[in-house]
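I opened this notebook to record what I looked up in one chain. The entries go by topic.

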Amino acid sequence: FTTEDALVEAIGELADRGAQALVISTSPGSARLLDVTARTARAHELPSIANTGAAEFALVSLAPDTAELGRQLGRQAARLLAGASPSTVPVEDPRRYLLTVNEQVALDLGLDLPPDLLREADEVR
């Protein structure tokens, strides 16, 4: 999708085809339209699963720990500032992810959350 109307249409089509949830991945297009995604998913009673904490309407999100990412970036910057060639500074994948579960969304959708999921969550809203 590239427009708000196309997103609304796409989510409606997914719901019509029997989708039981939306999986939201960050991209410039999806980030720009998170409010539309939230509103449309709610209208179709579709829970959302996201890979960003910015999707506060998501039932579940699993996103990189931004504090840890900052530390990783600091280590890389220190190496570069100390004279390391950029080609010698490794690209690092996130080391830690945060699992957030939104109990209010589950209640609104009439979903029961497994106790194990709640115990494993880093944050329960």
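**Basis.** I am working with a predicted model, in which local features need pLDDT of at least 70, side-chain atom pairs count only at pLDDT 80 or more, and totals for chains, interfaces and linings use all residues. Residues are numbered from 1 along each chain as its sequence is written, and side-chain values use heavy atoms, with hydrogens and water left out.

**Helix pair.** I took helices (H or I, at least four residues) and strands (E, at least two) as DSSP runs, numbered from the N terminus. I looked up how helix α1 (residues 4-16) meets helix α3 (residues 34-43): they pack at an angle of about 30°, and their axes are 10 Å apart. The axes are lines fitted to C-alpha atoms, for helices over the stretch in contact, and angles run from 0 to 180 degrees between N-to-C directions. I therefore noted α1 and α3 as roughly parallel to each other (angles under 35 degrees count as such). Next I listed the contact (heavy atoms within 4.5 Å): α1 contributes Glu4, Leu7, Val8 and Ile11, and α3 contributes Val36, Thr37, Arg39, Thr40 and Ala41. By class, I recorded five nonpolar, two polar and two charged residues in the contact of α1 with α3. Here Ala, Val, Leu, Ile, Met, Phe, Trp, Tyr, Cys and Pro count as nonpolar, Asp, Glu, Lys and Arg as charged, and the others, Gly among them, as polar.

**Sheet.** In which order do the five strands of the open sheet run? I found β1-β2-β3-β4-β5, with mixed pairing. The edge strands are β1 (22-24) and β5 (123-124), each of which pairs on one side only. Two strands pair if DSSP finds at least two bridges between them. Strand β2 (residues 48-50) pairs with strand β3 (residues 60-64) in the parallel sense over two bridges, and Ile49 stands opposite Val60 in β3. β3 also pairs with strand β4 (residues 97-101), in the antiparallel sense over five bridges. In β4, I found Leu99 opposite Leu62 and Tyr97 as the bridge partner of Pro64.

**Leu81.** Is Leu81 buried or exposed? I found Leu81 exposed, with a relative accessible area of 78% (exposed is over 50%, with a 1.4 Å probe and protein chains only). Leu81 lies in helix α4 (residues 66-81). Its C-alpha atom is separated by 36 Å from that of Ile24, 57 residues apart along the chain.

Technical notes. Angles under 35 degrees count as roughly parallel, over 145 as roughly antiparallel, 65 to 115 as roughly perpendicular and the rest as oblique. Buried means under 20% relative accessible area, exposed over 50%, partly exposed in between (1.4 Å probe, protein chains only).
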